[in-house]
Amino acid sequence: MQFAVSMFPPLALGFFGLGTGYLIYGPQELFGWPPRDERVDRATGVWGIWLPGFCQLVTGVILFIGLTWFQVFKDAPLYMAALAFSAYGIHWFAIGYNRYRGNDPRPNAGMCVAFFIISVTGLVVFFAAGDWPVGLLFLGLALIYLSDFFAAIGQKWGERALGFWHIVTGLWLMYLMVAVAFNFSLGWSLAV
């Protein structure tokens, strides 16, 4: 059975979910607002699981299935997108759950190494493919995990840098979401 190629990968959903998570976590890390306590950690944990976690995992699974089982997506860089959305989605389930439960963030240091590597991999793939807007996203992701490493080992400036990169990258993700939605829905040609 042969399916028609789809011109509508679910990228906007993944961009929106991750961007929302970054815009929730970033102000707390950069500005200390709202101040962390048990109630705030539970709220940000729930948001972390459902927006960046679930939205990205759904996007990644759809991309992988569309690329492999049904072959409705043909652009090779979408493989990197599927890998990243799936991995980042699963990792946000852990981040959100750990925040919700008030768990120790120090083990995140090892996670940061792995996610820095996947971020640099995405940066290379998308810049090499000529997709500079998504390449910039992966640059932001690499800076997030570099900062998060130092936050995880207890450097206060690392948490503030993490918040800064969360906000900047979250705003860029909102641009990417809007651009994809307008391009797919209205036939526009915004850079994505």
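Asp 104 is partly exposed, with 36% of its relative accessible area open. Its salt-bridge partner is Arg 106, and the N-to-O distance is 2.5 Å. Arg 106 is exposed, at 56% relative accessible area. This is a predicted model, so every value here is computed from it.

## Salt bridges

Why can such side chains pair at all? Side chains of opposite charge can pair when their charged atoms come close. How many salt bridges does the structure hold? The count comes to five. Three of them are set out below.

| Pair | Closest N and O atoms |
|---|---|
| Lys 156 and Glu 159 | 3.3 Å |
| Asp 41 and Arg 99 | 3.9 Å |

Take Asp 41 and Arg 99, which form a salt bridge with their closest N and O atoms 3.9 Å apart. Asp 41 lies in helix H2 (residues 38-68) and Arg 99 in helix H3 (residues 77-101), so the pair ties together parts that are 58 residues apart in sequence. Are these two residues buried or exposed? Both Asp 41 and Arg 99 are buried.

Now turn to Lys 156 and Glu 159. Both sit in helix H6, three residues apart, which is about one turn of the helix. An α-helix has 3.6 residues a turn, so residues three or four places apart point the same way. Lys 156 counts as exposed, at 57% relative accessibility. Glu 159 counts as partly exposed, at 22%. Elsewhere, salt bridges that share partners join Arg 36, Asp 41 and Arg 99 into one network.

## Helix H6 and its end

Helix H6 covers residues 156-186, which makes 31 residues. From its first C-alpha to its last it reaches 45 Å. That is close to the 45 Å expected at 1.5 Å a residue. Just after H6 comes Gly 187, with a positive phi of about 75°.

## Backbone details in the loops

Most residues other than glycine have a negative phi, and most peptide bonds are trans.

Which peptide bond is cis, with omega near -10°? The bond from Trp 33 to Pro 34 is. Pro 34 is found in the loop between helix H1 (11-31) and H2.

The other place is Gln 71. Its phi is near 50°, a positive value in a residue other than glycine. Gln 71 belongs to the loop between H2 and H3. It is partly exposed, with a relative accessible area of 39%.

## Cysteines

How many disulfides does the structure have? The count comes to zero. Two cysteines can still be placed by their cover. Cys 55 is buried, with a relative accessible area of 10%. Cys 112 is buried as well, at 1%.

## Aromatic rings

The structure holds 17 aromatic pairs. One of them joins Phe 8 and Phe 184: their ring centres are 5.5 Å apart and their planes are at 85°, so the pair is edge-to-face. Phe 8 lies in the segment before H1 and Phe 184 in helix H6, so the pair ties together parts that are 176 residues apart in sequence. Phe 8 is exposed, with a relative accessible area of 51%. Phe 184 is partly exposed, at 32%.

Phe 64 and Tyr 79 also form an edge-to-face pair, 5.5 Å centre to centre, with 80° between the planes. This pair links distant parts of the chain: Phe 64 is in helix H2 and Tyr 79 in helix H3, 15 residues apart. Phe 64 counts as partly exposed, at 23% relative accessibility.

Rings can also group. Tyr 22, Tyr 25 and Trp 92 form one aromatic cluster.

## A nonpolar patch

Which residues make the nonpolar surface patch of about 480 Å²? They are Val 113, Phe 116, Ile 117, Val 120, Val 124 and Leu 146. Helix H4 (residues 108-128) gives the largest share, five residues. Val 113 is in helix H4. At 44% relative accessibility, Val 113 counts as partly exposed.

Conventions
Residues numbered from 1 in each chain as written. Predicted model: local features only at pLDDT ≥ 70, side-chain atom pairs only at ≥ 80, totals over all residues. Heavy atoms only, no water. Disulfide = S-S within 2.5 Å. Buried < 20%, exposed > 50% of the residue type's maximum accessible area, 1.4 Å probe, protein only. Helix = DSSP H or I, 4+ residues; strand = E, 2+ residues; numbered from the N terminus. Expected span 1.5 Å × (residues − 1). Salt bridge = Lys/Arg side-chain N within 4 Å of Asp/Glu carboxyl O. Phe/Tyr/Trp six-rings, centres within 6.5 Å; stacked < 30°, edge-to-face > 60°. Patch = residues over 30% accessible without salt bridge, like charges linked within 9 Å, V, L, I, M, F, W, Y side chains within 5 Å. Areas by Shrake-Rupley, 256 points an atom, 1.4 Å probe, with all protein chains shown as cover.
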